[in-house]
Structures are given as structure tokens and as C-alpha cells.
Amino acid sequence: MVQRRTLLKSTAAATVLGVPGLSGIAQQAVTLKFHTFMAPQSNVWLTMHKPWMDKVEKESGGRIKFEGYPAMQLGGTPVQLYDQAKDGVVDISWTLPGNTAGRFPRIEVFELPFMMNNAEATSKAYWEYVQTVAVDEFKDVQVLALHVHGPGMFHTKDKLVKTADDLKGMKVRGPTRQITKMLGYVGATPVGMPLPAIPDALSKGTIDGCVIPWEVVPSVKVHELTKFHSEFENSGGALYTTTFVMGMNKAKYASLAPDLKKIIDNNSGMATSAWLGKTQQGNDPVGRKAAEDRKNTIYQITTADAQEFKRKARLVEVEWVEDMNKRGHDGKKLLETARALIEKHGKATPAKK
């Protein structure tokens with residue numbers, strides 16, 4: 001009887017505390033730490049990260065909770081975010097694979113010049129590409145989503161960029177190694193740096209301009225620190241885009257109760273990747289309006305001048321294919337696969353203006 005009473009008390013306590021095994025694993029609750037470099041006032045944090053966390057919390061009945069940490073509030077640098085998730089310093093991180101140059105070479109194909117004009121379709125292509133031809137690229141984490149942003153473009157302080165020749169002598173920030181290389185080929189002096197470093201670099205004159213999509217302009221005050229914005233026609237493809245990965249610590253994912261794991265799974269994958277890409281590009285008009293409201297000059301590079309950018313930038317593509325070949329991959333085939341996937345998903349996804 002004593003043993004039975006002890007067992008009953010233990011079971012009752014376990015039910016209250018949510019201890020798996022005694023209360024039933026379905027009662028397990030978990031709090032996940034989500035870490036990123038994006039600012040708390042950024043469109044990405046407010047319209048992508050927070051809604052995603054809120055959705056997971058709601059679908060779990062509050063049994064999955066999040067502690068959200070924007071702006072590197074848990075310490076470290078943006079370059080360390082992927083490894084923070086890998087090593088369990090945080091549970092989930094959202095970051096640019098390109099922050100660690102050359103570490104994830106096969107997915108750089110989506111960052112090649114003039115590859116995309118629709119973030120939703122390209123995000124779907126990126127997800128399918130990784131699942132089919134680069135499955136071990138992010139093997140150190142449980143991949144939740146893979147996506148890209150809308151068309152990247154030039155933002156400059158003192159000189160309007162109309163042609164590739166206008167970039168000569170200008171120091172321009174690039175986010176990843178492929179885009180930084182592209183800037184060099186089209187005539188600029190490329191300067192690589194993470195997004196949060198842009199405002200200080202523009203203020204001090206370390207750079208004369210940067211390439212980012214419209215949506216992120218307000219969060220780094222680029223509309224206040226520059227006067228000129230040069231975009232490309234949507235139909236001809238974007239100057240560039242950047243890849244993102246949202247990854248979860250593998251051990252933490254494995255430790256979840258089966259029903260909670262399913263909720264994470266339901267908020268991962270191609271559909272979530274597409275939503276993130278669509279939402280991010282959908283915020284481009286907000287950034288564009290911020291520049292318009294300050295009476296900044298917004299210029300659309302002509303089709304003829306865009307051809308010169310494309311001609312010079314193609315060297316990046318050639319070098320990437322050669323680099324893949326040296327690494328033991330078929331670079332040409334990977335490039336063709338990425339293009340075919342973008343086209344496939346683009347046919348099913350209306351282009352964003």
C-alpha cells in the first residue's frame with residue numbers, strides 16, 4: 001500500500017510538472033530560444049519571425065513557447081548564428097548562410113546575379129533544390145525553412161548609379177561572397193559586412209553605398225543615410241538575392257514529444273519557406289515609400305544598361321561553376337537544376353511587382 005500511494009503521488013506530481021513517461025509524453029511543454037541579428041523594429045522580425053512563433057505557440061495550445069531574441073541579444077555575432085543553433089547555444093536561429101563565406105557553396109547558386117525576380121517562387125526552388133541535390137548542405141541542424149528576399153538593388157550616398165561605369169571608385173557593401181565578387185566585376189570596390197554594420201559604415205564614409213532589398217531599408221536607416229536608389233526592371237531579373245536558413249538544434253528537435261514535433265514539421269518545409277519569401281518581398285513597398293517620403297531619387301536602370309551589368313556579372317556565374325567542379329560537384333548541372341526549379345515554381349507563382 002505504501003508503494004502504491006508513493007506511485008500515485010509521483011504520478012500526480014508528474015502530471016502537474018509535465019514529466020514525460022509518468023504524465024504521458026503528450027503533456028510535455030517546451031520553451032525554445034529563437035535568435036537572429038534582425039532588429040526588433042525590422043519588417044522581418046515583426047511580419048515573419050514573430051507571426052511564425054505565434055502560430056506555432058497557438059497550434060501547440062501553448063505547450064511550445066518562444067523566447068525571441070532579435071538584434072543578437074543572446075550575444076555573439078551574426079557570423080556565429082548558424083553554429084549557435086548547431087551547438088545548442090540557442091534552439092532556433094535565422095541567418096544568412098553567406099555570412100560564413102564558402103561554407104555552404106552549393107546554395108550560393110541562388111545568389112548569382114540575375115537569377116530571380118520572385119522571392120516566393122525562388123524560395124520554393126531553394127527548398128526543393130536542397131532536398132534533392134544538396135541534402136547535406138545544412139546537415140548540422142534540423143532545417144525548418146529556406147528562403148530568399150526580394151530583388152536587391154543599389155542605395156548610394158552621393159552619386160546616382162545608372163550604368164556599371166558609375167560604380168567605378170565607389171565602395172559598396174555586399175552581404176555574401178558571390179554578391180561581393182559581383183560588385184567587383186561590375187566596377188565597384190566591394191566591401192563585405194553584415195547588415196547591422198551598414199548604418200555606421202555609411203555614416204563614417206567607410207562605404208559609399210550598399211546593396212539590399214527595399215524591405216530592409218527602414219530598419220537600417222538607409223533611406224536617411226543615402227539619397228539615391230537604383231533598381232532593375234522586374235522582368236529582366238533581380239541584380240541579386242540572398243539566401244536565408246532557419247535552423248533548429250537537432251537534439252532539441254529530437255527531444256520534442258511526437259505531437260509537438262509534428263507541429264514544428266507543419267510549420268516547416270516548402271510552404272513555410274514560400275510564405276517567408278513572399279512576406280519579405282511583400283514588404284518591399286514599405287521600404288520604397290520610406291525613400292519616397294524623404295524625396296530621395298529612385299531610378300530604374302534601363303534595359304540597355306542592365307545588359308552591361310549582366311555581361312560583366314556573368315563572370316561570377318562562370319567562377320561559381322568552376323568552384324563547384326573543383327569541389328567534386330557538377331557545377332553546370334547544379335546551375336541548370338536551380339534555374340529549372342525557379343522556372344517551374346515561377347510558372348505556378350504570380351510575379352510580384
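Student: Which residues does F138 touch, not counting residues up to four places away in sequence?
Tutor: This is a predicted model, to begin with. In it, F138 touches Y82, P97, F104, I107, Y126, V130, V143, L146 and V245, with residues up to four places away in sequence not counted.

Student: And which residues have the most contacts inside the largest nonpolar core?
Tutor: Those are Y129, F138, I212 and F309, in a core of 101 residues. Helix α12 gives the most to this core, with seven residues.

Student: Ok, new topic. What is the strand order in the open sheet?
Tutor: The order is β7-β6-β8-β5-β9-β11, six strands with mixed pairing. The edge strands are β7, residues 189-192, and β11, residues 297-301, and each of them pairs on one side only. From one strand to the next, the twist averages 30 degrees.

Student: Which strands does α12 touch there?
Tutor: Helix α12, residues 303-326, packs on the sheet and touches β5, β9 and β11. The direction of α12 makes about 75 degrees with that of β11.

Student: Back to the strands. Do β5 and β8 pair in the parallel or antiparallel sense?
Tutor: Antiparallel, over five bridges. Strand β5 covers residues 152-156 and strand β8 covers residues 209-213.

Student: What's the bridge partner of T156 in β8?
Tutor: T156 has G209 as its bridge partner there.

Student: Which residues of α5 are buried?
Tutor: In helix α5, residues 177-185, the buried residues are Q178, I179, T180, M182 and L183.

Student: What follows α5?
Tutor: G187 follows α5, and its phi is positive, near 115 degrees.

Student: Last one: where does V109 lie?
Tutor: V109 lies in the loop between β3, residues 92-95, and α4, residues 119-133.

Student: Why does V109 count as buried?
Tutor: Because its relative accessibility is 0%, and buried means under 20%.

Student: So what does V109 touch?
Tutor: V109 touches M115, Y129, W320, L334, L335 and A338, again not counting residues up to four places away in sequence. One of these, Y129, is also among the residues with the most contacts inside the largest nonpolar core.

Student: How far apart are V109 and T243?
Tutor: They are 134 residues apart in sequence, and 9.5 Å apart in space, C-alpha to C-alpha.

Methods: Residues numbered from 1 in each chain as written. Predicted model: local features only at pLDDT ≥ 70, side-chain atom pairs only at ≥ 80, totals over all residues. Heavy atoms only, no water. Pairing = 2+ DSSP bridges. Helix = DSSP H or I, 4+ residues; strand = E, 2+ residues; numbered from the N terminus. Axes fitted to C-alpha atoms, helices over the stretch in contact; angles between N-to-C directions. Contact = heavy atoms within 4.5 Å. Core = buried A, V, L, I, M, F, W, Y, C linked by side-chain atoms within 4.5 Å. Buried < 20%, exposed > 50% of the residue type's maximum accessible area, 1.4 Å probe, protein only.
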